[in-house]
Amino acid sequence: MQTESVHITPYRTYAWVLIALMTLTLITVTVTWINLSALTVAIALIIATVKAYIVLTYFMHLKFESSLFRVFVAMVLMIYVLVILFTLSDYLLR
Amino acid sequence: MAAVFGAFVLGFSSILTGLNFIVTMHRMRAPGMTFFKMPLFPWALYATAWIQVLATPIVGITLLMIIAERWLRIGFFDPSLGGDPILYQHLFWIYSHPAVYIMILPAMGVITEIIPTFSQRRIFGYKAIAISSLAIALVGYFVWAHHMYTSGMSTTARWIFSLLTFLVAVPSAIKVFNWVSTMYKGSIQMAPPFLFAVGFIFLFMIGGMTGLSLGALATNIHVHDTAYVVAHFHYIVFGGVGFAFFAAVYYWYPKMFGRMYNFKMANWSFVFLFAGFNLLYFPQFVIGIMGMPRRYFDYLPQFTFGHQLSFFGALLLVIGIVIMLITLASKKGAKAPDNPWGGRTFEWQIPSPPPVENFEVMPELKENEGPYDYK
Amino acid sequence: MEHRDDIGAKLGMWIFIFTEILLFGGLFLVYAIMRNRYSVEFHQCAHHLNAFIGTVNTIALLVSSASVAMSITAVQKGDKKTAVILLFVTLLCAAVFMVNKYFEWGHKFSIGLYPGSQLMLTLNHGSIMFFSLYFFMTGLHMFHLIVGGIILTIVAIKVQRGAVNAGSYVLLENGGLYWHLVDLIWIFLFPLLYLIT
Ligand SMILES: [Cu+2]
């Protein structure tokens, strides 16, 4: 089973990814100083999702694994989002 | 609290089993066995394994929250601390409805093995059965709140969950249709495993149909928390899972222990179990609709006859189980051949009982062979 | 020959990670519903959390995640020394995180704010919920961080001894995956608890 070609990610990539993640962190922190009322949480969540996407793709190597892994991750996240939506269909519409 | 923690640890065993099955089926299939050449029992286990992996953590965190509530007064579910008891119901059923599918899916897989073997016919609609297992697992994940129609949920949520519950019936019905179609024009061998398998189909159909009437909002409100629900549940979990389990034991017993059992006795055990089961649970549908609530030991006079029937049914059922245990415990059976039923899956190609390491040479599935190549 | 299946091992690790995601997922669901119910109180209570410490911790975790990922590159290149140093950096960041958390929690405890305390029970329902979620979520996250730290310590020792090397490093990859999971959860915890002021 050791025949698959090994993908070695250069240090440089990780450095850039780290810089991107730090920048996003600083953005979310600064955004909270501006009062955007209802949008605040939405922006925070969107930025967090982008960060999570970057971590999954590069740090967790999803980009270089077989597509099976990506399919599984997408499926699990989809199921989780649906669970949230269905539960909220109770709480938000009471 | 110790019990809650015990349940939490038990969750780990369920998760790890599922994890093991998924990885095994992805990485360790026999040469030549593609996913769509896998027997349908493993297919059912594959769908089950995903439910175990994805549903158990939810009950895991719920149990941790209960421990926190009892121990640290972190009352997520305690109204006096601002918590929400209905939220507990949601979290509980997000796991506990799929848990029913953890039970029934392997049972369906067993039936899918037994029917073609004893009909000596290729399974009808192989892919439809395989995919329907996955569909049941997937849709079954999103129907949990049909247990909560009377809890004060929003109307929108109630009809959404009612709709989704109806959807689960589709893949289940596909399976039933395919089992029956497999028997069509087959050379049927009326051995005990087959008897239990057809018993399963009959009982599962009653259980499934009554499940639909429970999934419908209006009828559900009427029969909620009555004996009707008890009867439905037992038709699925005893008539379904239980009978499939008995079928599986009778089917693989020769392979497991290298010995046959007494067919006559086994058939009698079926007669008693089947008659006893129906006599025990069918009256509960009737008294349930009449208004007999569940979880009460006492009842009004008009329910007396129903309860008496149930009582005699329970007696017959116990007799059936005793006969079965005697049959299986007996050591007088003849030595079992390698393949007593003429099965085609790999386990019938090795000696009974299987030697250590099971296969001396790696079994292989040829290019144009399938798991159910009967004549 | 010994049977080895690195992809299988990784697949198993990923499935385990799914269970962890759903474990925290249940908590985030509780958070969503409680926040919806007590949004005003959540806003007020978030002021009591120190966003600066939170930011420092976020950065510590991000750096630690990057250095784990880099240590895999180092092992693949056969550079044992760098790999061990990078893992050490990770553990150091974890230690920074823990020390910060110690002071953060310690301060709350010193003013009498902890689950089941007298002060806590006098607060309004929304505030009780916020601090309950805060302690429960960060506590569970911290538990995972400690477990991840132990795993990475063991892996670092194995790298040092050569048991994890350029030919066989799936243990490091899986340990890394677990560590990234810890980071992933914090990425969502941080804005939801500290930044909703
Ligand atoms: Cu259900």
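This is a predicted model: local features need pLDDT of at least 70, side-chain atom pairs count only at pLDDT 80 or more; totals for chains, interfaces and linings use all residues.
Residues are numbered from 1 along each chain as its sequence is written, chains are lettered from A and ligands numbered from 1 in the order in which they are written, and side-chain values use heavy atoms, with hydrogens and water left out. Altogether, the structure holds 2 cavities of 30 Å³ or more.

**Terms**
- A cavity is a set of points, on a 1 Å grid over the protein atoms alone, where a 1.4 Å probe fits but cannot get out; lining residues have an atom within 4 Å of a point.
- Grid points are joined across faces, edges and corners, and a volume is the space filled by probe spheres set on the points.
- Helices are DSSP runs (H or I, at least four residues), numbered from the N terminus.
- Ala, Val, Leu, Ile, Met, Phe, Trp, Tyr, Cys and Pro count as nonpolar, Asp, Glu, Lys and Arg as charged, and the others, Gly among them, as polar.

**Second largest cavity**
- Here the space is about 30 Å³.
- Thr28(A), Lys51(A), Phe190(C) and Pro191(C) are among the residues lining the second largest cavity.
- H2(A) supplies the largest share of that lining, 4 residues.
- By class, the lining has 7 nonpolar, 1 polar and 1 charged residues.

Notes: On a 1 Å grid over the protein atoms alone, a cavity is a set of points where a 1.4 Å probe fits but cannot get out, and a pocket is an open set with protein on both sides within 12 Å along at least five of seven lines; lining residues have an atom within 4 Å of a point. Helices (H or I, at least four residues) and strands (E, at least two) are DSSP runs, numbered from the N terminus.
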